[in-house]
Amino acid sequence: MKLFKQLLVAPAALGLLAPTAAGATEVNVAGMADYATSASDSSLEQVTSINQFSDVYPTDWAYQALSNLIERYGCVAGYPNGTYRGARAMTRFEAAALLNACLDRVTEVTDEVKRLMKEFERELVILKGRVDGLEARVGELEATQFSTTTKLKGKTTFVIGGTTAGGDSTDANFNRRGSGGADAYNAEFGAISFNYDQRLVLDTSFSGSDRLRARLRAGNFRKGRNAFSGSGVNLAALDVATDSSVVDDNASNNVIVDRLFYKFPIGDEFTVIAGAVARNTESLAMWPSVYNKGGAKILDWTALMGTSGVYNKETGQLIGAYWKQDVEKGDAGFSVSVNYVADDKNGNISNPNKGGFMTDNSEASLLAQLAYGGPQWGLALGYRYGQCDSGNGLRRGTEFSKNNKWNNDCTFNTGNFDADGDAIFDRQASSTNSFALNAYWQPEEAGLIPSVSLGWAYNTVNADNLVDGSPVDTQSWMVGLKWDDVFLKGNDMGFAVGQPTFATSLEDGGTPFDGNYVFEWYYNFQVTDNIAVTPAVFYLSRPMGQYTSNLVKDGGNYDGQFNVFGALVQTTFKF
């Protein structure tokens with residue numbers, strides 16, 4: 001019987017023989033006999049796993065190829081003793097036997113595929129028609145689409161809510177320096193309002209790694225009339241309301257271009273940003289806070305980590321760059337960011353010495369940041385130099401701390417005129433220096449322990465014409481806590497407390513009474529991936545700072561009271 005099986009193997013092997021006859025020494029008859037014998041052995045007749053071979057190991061270079069032949073085609077046999085003998089030379093006869101067995105198996109597989117194709121012929125025709133239809137629609141979209149390089153994104157925000165003031169009152173009209181008090185504030189800014197902010201972003205990439213951004217914006221947070229725009233007290237301003245109506249103090253519903261810049265990489269670690277309308281806080285390698293990360297932004301001051309003297313949202317003519325260490329995803333690394341922003345003025349008739357880009361009168365901000373951080377924790381040192389318009393970086397604080405009693409432009413109108421009737425301008429030294437230290441930490445998994453974001457800032461004013469009683473040095477600090485996946489996955493809750501910019505020293509050496517606190521709470525409910533509803537409340541304990549004393553003053557004691565409470569629901573749609 002064994003001899004008969006050996007004879008069956010021989011015809012298949014003859015096809016591999018060369019035209020000339022092989023010598024007796026070239027034909028391993030014994031090996032061929034063993035191979036044929038192995039095919040008939042009941043224990044190895046069908047090898048279903050490479051593990052059946054005792055001399056084949058995963059470290060063998062052909063291990064994967066042999067495994068595929070066994071598992072996919074089942075056409076590999078071994079020797080009767082359970083070995084494969086992979087290092088042994090193979091004769092042409094043995095190769096022919098192996099090849100023949102594999103070809104038979106491939107033929108079986110092919111026949112099975114043909115049978116399935118016949119059985120599902122109708123369904124395959126339907127699928128082919130659908131694919132052809134999709135290809136036609138894709139072709140039509142490509143031919144009629146807005147751009148092959150530009151993406152349009154949108155964000156719509158509705159805010160309904162209001163503020164109310166408590167504390168002392170006088171008969172005067174309300175103003176930021178302590179006149180009027182609570183009753184006057186409520187009469188002017190105490191109504192509930194329904195406001196919106198609309199942003200349309202056009203991002204264009206020419207290389208895949210660069211970005212040209214143009215953003216259109218409109219809103220009705222009217223400056224001078226809406227509490228959430230900071231019209232009553234500046235600390236009540238919402239982040240979404242910042243520059244929502246910027247054409248003039250009473251304008252709203254005007255569509256403007258509020259971002260226009262180009263950002264591109266140089267190598268793997270450097271990035272350059274330049275634009276006619278860009279923001280310094282959006283041109284950093286790392287944002288040193290996780291308080292608002294992936295969640296909502298409520299008050300403008302808390303969104304700036306309590307260090308608005310450095311991170312002041314200066315927007316205008318910008319040029320900047322940052323270096324970010326190339327590290328593995330999830331690892332921490334160093335980064336350095338520097339940017340320069342000039343106020344968006346080019347000089348005007350009333351004051352031709354004001355404005356321009358990189359001039360002595362640019363009212364510019366120079367922001368620098370050294371940071372080290374990753375997904376779980378980070379630390380940053382920030383510095384900002386404010387040119388000419390020194391009070392701009394300190395506007396998010398008590399009304400007293402930001403209303404310095406000096407002309408804060410480098411050039412100012414003296415009120416005199418020359419022989420031709422033109423106004424005479426004079427110059428003065430005027431600037432601010434601000435320093436910030438920020439840090440954050442967040443747990444690896446959501447739970448009872450929140451993420452923590454900390455911020456502290458120190459600011460100093462330098463000006464020639466400061467009068468006695470003006471703030472010289474100011475500070476601010478904030479602690480922000482954020483819990484992820486609260487009640488439902490994707491929802492988060494935040495709580496922040498801190499002291500916005502308050503005076504710590506005065507020009508005459510007197511003691512300031514400028515203390516104040518801010519409290520904020522929000523819960524961000526993620527309805528869908530594109531819709532979020534966020535109820536929030538905030539409390540400002542003493543937003544006028546030292547000016548609060550103008551309401552009640554008893555024997556020189558600064559015991560006036562004025563506070564503001566706000567509540568709102570912010571709904572955001574992204575598309």
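**View 1. Aspartate 326 sits in the loop between strands S6 and S7.** In this predicted model, strand S6 covers residues 315-324 and strand S7 covers residues 333-343, with aspartate 326 placed in the loop that links the two. Which residues does aspartate 326 touch, once those up to four places away in sequence are set aside? The partners are Asp268 and Glu269. Aspartate 268 lies 58 residues from aspartate 326 along the chain, and the C-alpha atoms of the two are separated by 7.0 Å.

**View 2. Strand S12 pairs with strand S9 and with strand S13.** Begin with strand S9, residues 377-387, which runs antiparallel to strand S12, residues 430-441, over 11 bridges. To find your place here, look for glycine 386, which stands opposite threonine 432 in S12. Then move on to strand S13, residues 451-463: this strand is also antiparallel to S12, and 12 bridges join the pair. A handy landmark is alanine 439, facing leucine 454 in S13. As you follow the strands, keep in mind that side chains in a regular strand alternate between the two faces of the sheet.

**View 3. The largest pocket has a volume of about 1,600 Å³.** Its lining is made up of 46 residues. Which of them lie nearest the centre of the pocket? They are Lys155, Arg199, Arg215, Glu282 and Lys297. Several strands give two or more residues to the lining, among them S1 (150-167), S2 (193-204), S3 (211-219) and S4 (256-266). Strands S16 (518-526), S17 (531-540) and S18 (562-574) do likewise.

**View 4. Residues 1-45 have a pLDDT below 50.** For the protein chain the mean pLDDT is 81, with 81% of the residues at 70 or more.

**View 5. The protein chain has eight helices and 18 strands.** Step back from the close-ups for a moment to see the setting. Of the 575 residues in the chain, 45% are buried. What share of the contacts with a separation of 6 or more comes from residues 24 or more positions apart? For this chain the share is 65%.

Terms used: Residues are numbered from 1 along each chain as its sequence is written. This is a predicted model: local features need pLDDT of at least 70, side-chain atom pairs count only at pLDDT 80 or more; totals for chains, interfaces and linings use all residues. Side-chain values use heavy atoms; hydrogens and water are left out. pLDDT is the predictor's confidence in each residue, from 0 to 100. Contact means heavy atoms within 4.5 Å. Helices (H or I, at least four residues) and strands (E, at least two) are DSSP runs, numbered from the N terminus. Two strands pair if DSSP finds at least two bridges between them. On a 1 Å grid over the protein atoms alone, a cavity is a set of points where a 1.4 Å probe fits but cannot get out, and a pocket is an open set with protein on both sides within 12 Å along at least five of seven lines; lining residues have an atom within 4 Å of a point. Grid points are joined across faces, edges and corners, and a volume is the space filled by probe spheres set on the points. Buried means under 20% relative accessible area, exposed over 50%, partly exposed in between (1.4 Å probe, protein chains only).
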